[in-house]
Amino acid sequence: CLTFLYIYTLHITETYNSHKNTMRSHTFLRITSLLVFIGWLTVWILLPTKVYKNTWTPKLKTKLNSTYFREQGTNLLLFTFPVMLIGALSCIYLHLHEKGTEKLPSKSGGVVNRWLCFLRRPFLVMSPIGIVTSMEIIFALMFVALLIWSLSNYLHTSFGHLHMHKEGEKVWQAKFRSVSLRLGYIGNICWAFLFFPVTRGSSILPLVGLTSESSIKYHIWLGHLSNVLFAAHTVGFFIYWGITHQMKETLEWSKTYVSNVAGVIAILIALVMWVTSFPGFRRKMYEVFFYTHHLYTLYILFYAMHVGVEWMCMISPGIFLFLIDRHLRFLQSRQCAPLLSARLLPCGALELNFSKNPSLYYNPTSMVFINVPKISKLQWHPFTVISSCNMETDILSVAVKTGGSWSNKLYQELSSSALDHLNVSVEGPYGPTTTSQFLRYKQLVLVSGGSGITPFISIIRDLIFQNRQEQESHVPKVLLVCAFKNSADLTMLDLLLPLFVSTTQFSNLHQLQIEAYITREKEEAPRDSQKQIQTKWFKPILSDSPISLVLGPNNWLWLGAIISSSFLMFLLLLGIITRYYIYPIENNSDEVYHWTFKVLWFMFLLCAVICICSSAVFLWWKRQNSLESKQIMNVEFPTPTRSPGSWIYGSERELESLPHQSLVQATNVHFGARPDLKKILFECKDKDIGVLVSGPRSMRHEVGKICASGLADNLHFESFSFTW
């Protein structure tokens, strides 16, 4: 921790010296958040030790376990409050960052930046886990060290004071029970981090340069690890109860302690979610995975009833922030977005163009979730945004490649000639908070396979816009290497040309080079067999609402207000319920308030304050934006007389007859060949080259191994998680 704090401080110092007047507040907020996080992590490190148990715990309980919070007071302060504080501070930081530093130049030099580039290089490329960077390996080892440290200290402490739970119980049986119990404790540590990666509108992830899409693999790792630990915890107790003849304990629902029945129900739900989440099952039966994963609400509830309020306070920050994000996404998804047009490509792909609020800002490689009630009222599918909000201020476009039952039904639905309107709900966009990772290189090499090209379309469109701005001092050269199965897939390149932007904006593309490879055809298909691109136009209705700012990524201050107000309201209501309802029952009689009822109060208040605060702010925001949305819907969008496409496929290639001849000149098509990625990458001689890859796993792994080989120091692999 101290080493990374030192490197981080150097990085802050370099940036501060370059932009002294704009970085002062940002530096303070980031260092404060980092120190709070280190303090929070230190508590986790000390938690299993004798010092914490014998010295800290008695003193903390004396001072913090008041009549308002009882036994949960200590954990609320040490585990819940720090993360909620970081969540609120990071919202302020991101707001100031967008206002003050989004246009600052990105420095490619510096000792720290070179170290960071080295740590981002692929270190391990394996099929089960994918591409893992050196930095991810370091933090993974640190996390594993925390788990081993915690387990060893828990066992050392418990073995010194073994409790015999049954008369005649042997020492080894008591130790076996202790090991099984402590495995559950270690699984609880995984749960403390489990929900951060899946919080799409998180304010904490951007603070460390992550997005929910790029960190979803951490959720997968933590999910697998926690399920292994909880399964071992469960099996261990079943074995213990069996050898000590206490199988009836399985059905015990204690009033004063752990509910075993709730734990059994929780692990059964977890096993169903776990089995259906394995890659092979998920790819073949995605809908089963999708629906079973929504059992997480029951999983959390029964898990909470099993561990109790004290342990829930340890893991509640991640759940708290996740539920805020989830409720805001639910509120946004209740309204339909106006679908203006769709381009249907012969290769089975399509482009959907929606009306959006001009104030909505997003960065390249962002993604949205789409729901079409006519196909399925419950299913939401993620797709890459291919438009540039700088170039297309009123339009948001996404690309969809058919491949499953849902996407095939959508393509067929849009192909219907009688269709003039389609209800579509859109959630998002979500993505990186800055584009500096693309602008800091001298050259970008974009490697794609099949529909993996879609994330790069938004990058190219945005760089084209940046190239036309006189104030921009540097825009990297772009080499797009794309591989397709057949010549019909070449129409994916047609999406580089937006429907709603004049093609004259693409007249100067000397910094763009496209190398397209057709792997399964040795020559171009006959023109008679080529299908044409179809463009369909739709009529928005008054009930549709343009895609607008989402509370979170585009309104960080409002998200910070929701986080802080909901947490304060939660503490207030929890204190009132505990002091004036639970405490009198336990203090004025010999009764003990039911263990499960305390948990239910905790979970009910947590969900209630999130719904109240989020809904109140969202409704106020919606009313403020309703007038602007009506004005946008009244704007007449220009209707192109023809699709700008088919500039490579299905049209004549005489350059003098095309208004976008520079784009055609930038493209070379190779039939019957696969790209020699090693040769292509090693022939790039610029000093700093950013390498991005999107496509099949084999292609991603091949590029990762080339960049990790160390044979070319100028290649900097950028690890992104793209969706198409």
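These legends walk through several close-up views of a predicted model, starting with the whole chain.

**Notes for all views.** Residues are numbered from 1 along each chain as its sequence is written, and side-chain values use heavy atoms, with hydrogens and water left out. Because this is a predicted model, local features need pLDDT of at least 70 and side-chain atom pairs count only at pLDDT 80 or more, while totals for chains, interfaces and linings use all residues.

**View 1. The whole protein chain.** Welcome to the overview. The protein chain has 21 helices and 16 strands; helices (H or I, at least four residues) and strands (E, at least two) are DSSP runs, numbered from the N terminus. Of its 724 residues, 54% count as buried, where buried means under 20% relative accessible area, exposed over 50% and partly exposed in between (1.4 Å probe, protein chains only). Among contacts (heavy atoms within 4.5 Å) between residues at least 6 apart in sequence, 79% join residues at least 24 apart.

View 2. Strand S5 covers residues 349-355, and seven of its seven residues are buried, so the strand is largely enclosed by the rest of the structure. Ala349, Glu351, Asn353 and Ser355 point one way from S5, while Leu350, Leu352 and Phe354 point the other way. Strand S4 (residues 339-344) runs antiparallel to S5 and is joined to it by five bridges; two strands pair if DSSP finds at least two bridges between them. Look for arginine 343 opposite glutamate 351 of S5. Four residues lie between the strands in the hairpin of S4 and S5, where glycine 348 takes a positive phi near 95 degrees. With strand S8 (residues 395-401), S5 pairs in the antiparallel sense over seven bridges, and leucine 350 stands opposite valine 400 of S8.

**View 3. An open sheet of four strands.** The strands follow the order S3-S9-S6-S7, with antiparallel pairing. S3 (336-337) and S7 (381-384) stand at the edges with a single partner strand each, so one side of each has no neighbour in the sheet. Strands S6 (residues 367-371) and S9 (residues 424-430) are paired in the antiparallel sense by four bridges. Here phenylalanine 369 has glutamate 427 in S9 as its bridge partner.

**View 4. Helices H12 and H13.** Two packed helices are described by the angle between their axes and the distance between the axes. Axes are lines fitted to C-alpha atoms, for helices over the stretch in contact, and angles run from 0 to 180 degrees between N-to-C directions. H12 (residues 296-307) and H13 (residues 309-332) pack at about 160 degrees, with axes 11 Å apart. The two are therefore roughly antiparallel, a term for angles over 145 degrees. In the contact, Tyr296, Ile300, Tyr303, Ala304 and Val307 of H12 come together with Trp311, Met312, Ile315, Ile319, Phe322 and Arg326 of H13. By class, these residues are ten nonpolar, no polar and one charged; Ala, Val, Leu, Ile, Met, Phe, Trp, Tyr, Cys and Pro count as nonpolar, Asp, Glu, Lys and Arg as charged, and the others, Gly among them, as polar.

**View 5. Helices H9 and H11.** H9 (residues 260-276) packs with H11 (residues 286-293) at an angle of about 150 degrees, their axes 9 Å apart. H9 and H11 are therefore roughly antiparallel to each other. Val272, Met273 and Thr276 of H9 meet Val288, Phe289, Thr292 and His293 of H11. This contact has four nonpolar, three polar and no charged residues.

Terms used:
Parallel < 35°, antiparallel > 145°, perpendicular 65-115°, else oblique.
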